[in-house]
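User: I have some questions about the labels used for this model. Please set each value against its definition.

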Amino acid sequence: MPWEDELFEVLDDLEQQAAALYDAERAPELADRSRAEYQQVTLAARLMASLDRDVALDVRGLGTVTGSLRRVASGWCLLGGAGQDWLVPLPAVTAVTGVSERAVPEVAWSPVSRLGLASPLRRVAESGERCVVHTVEGRRHEGALSRVGGDFVEVVGPSGRTVLVAFEGLAAVQSRD
């Protein structure tokens with residue numbers, strides 16, 4: 001029957017118009033939700049999605065450090081470069097280039113990636129490896145890490161003099177192969 005076909009066409013047209021209006025009304029809401037959700041993304045989450053990529057970190061008091069992003073954890077990252085590694089606390093990082101567009105939320109990280117800055121510093125101290133400790137004020141302390149406290153690390157210089165560097169003032173620890 002032709003009148004039924006016309007009725008269904010009119011109803012289909014009204015349904016499509018309603019769907020278009022609904023989509024138009026929801027577009028700003030979805031954009032707001034997207035912005036609100038993105039504010040939950042952390043620098044560490046973006047870095048975690050960039051493992052094994054070559055990145056450049058601008059580090060306070062030090063300048064630009066480049067290398068392959070080898071590890072990311074809670075509050076720090078490890079870059080591998082030519083003949084040296086860089087352990088960098090994330091609070092000292094002011095800018096990053098070369099990262100992935102993606103992010104990996106912390107709930108998806110392995111338990112090892114939740115270790116704080118003291119853990120890799122203890123590992124460097126246990127190795128007895130000579131390193132250069134850079135501070136956010138641009139100072140350098142060459143020597144070996146001896147002990148790691150709750151919020152500081154001890155650096156023993158070649159003369160035997162010990163310097164305590166607060167985690168808050170730490171820009172990077174540069175080790176050499």
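Analyst: Two strands pair if DSSP finds at least two bridges between them. Keep in mind that this is a predicted model.

User: What makes S7 and S8 a pair?

Analyst: Three bridges join strand S7 (residues 140–148) to strand S8 (residues 152–156). Pairing needs at least two bridges, so the label holds. The two strands run antiparallel. Leu-145 stands opposite Val-155 in S8. Three residues separate S7 from S8, and the two form a hairpin.

User: How do you know that S8 pairs with S9, and in which sense?

Analyst: Five bridges link S8 to strand S9 (residues 162–166). The cut-off is at least two, so they pair. The sense is antiparallel. Glu-154 faces Leu-164 in S9. This is a hairpin with five residues between the strands. Gly-160, in the turn, has a positive phi of about 95°.

User: What makes S1 a partner of S2? And what joins S1 to S5?

Analyst: S1 and S2 share six bridges in the antiparallel sense. S1 and strand S5 (residues 93–97) share four, also antiparallel. Both pairs qualify, because at least two bridges are required. Val-59 stands opposite Gly-63 in S2. Ala-56 has Thr-97 in S5 as its bridge partner. S1 and S2 form a hairpin with three residues between them. In that turn, Gly-61 has a positive phi of about 80°.

User: Why is Ser-68 called buried?

Analyst: Its relative accessibility is 19%. Buried means under 20%, so Ser-68 falls inside the class. Ser-68 is found in strand S2. Leaving aside neighbours within four places in sequence, the contacts of Ser-68 include Asp-52, Asp-54 and Leu-79.

User: Why is Arg-71 called partly exposed?

Analyst: Arg-71 has a relative accessible area of 39%. Beyond four places in sequence, Arg-71 is in contact with Leu-51, Trp-76, Cys-77, Leu-78 and Val-112. Leu-87 is 16 residues away in sequence and 9.3 Å away in space, C-alpha to C-alpha.

User: How do you know that the buried residues of H3 lie on the same side?

Analyst: The buried residues in H3 are Ala-118, Pro-120, Leu-121, Val-124 and Ala-125. They cover an arc of only 165° around the axis, which puts them on the same side of H3. The face turned away from that buried side carries the exposed residues Arg-123 and Glu-126. Just after H3, Gly-128 takes a positive phi of about 70°.

User: What makes a residue part of the lining of the largest pocket, and which lie nearest its centre?

Analyst: A lining residue has an atom within 4 Å of a pocket point. For the largest pocket, 16 residues line the space. Trp-76, Leu-78, Pro-120, Arg-123 and Val-124 lie nearest the centre. The elements giving two or more residues to this lining are strand S3 (76–81), strand S4 (84–89), helix H3 (118–127) and strand S10 (170–176). H3 gives the largest share, five residues. By class, the lining has nine nonpolar, three polar and four charged residues. The space in this pocket is about 390 Å³.

User: How many helices and strands are there in the protein?

Analyst: There are three helices and ten strands. Along the sequence the pattern reads α-α-β-β-β-β-β-α-β-β-β-β-β. Of the 177 residues, 37% count as buried. Among contacts with a separation of 6 or more, 53% are between residues 24 or more positions apart.

Key: Residues numbered from 1 in each chain as written. Predicted model: local features only at pLDDT ≥ 70, side-chain atom pairs only at ≥ 80, totals over all residues. Heavy atoms only, no water. 1 Å grid on protein atoms, 1.4 Å probe; cavity = no way out; pocket = protein on both sides within 12 Å on 5 of 7 lines; lining within 4 Å. Points joined across faces, edges and corners; volume = space filled by probe spheres on them. Nonpolar A, V, L, I, M, F, W, Y, C, P; charged D, E, K, R; others polar. Buried < 20%, exposed > 50% of the residue type's maximum accessible area, 1.4 Å probe, protein only. Contact = heavy atoms within 4.5 Å. Arc of directions from axis to C-beta.
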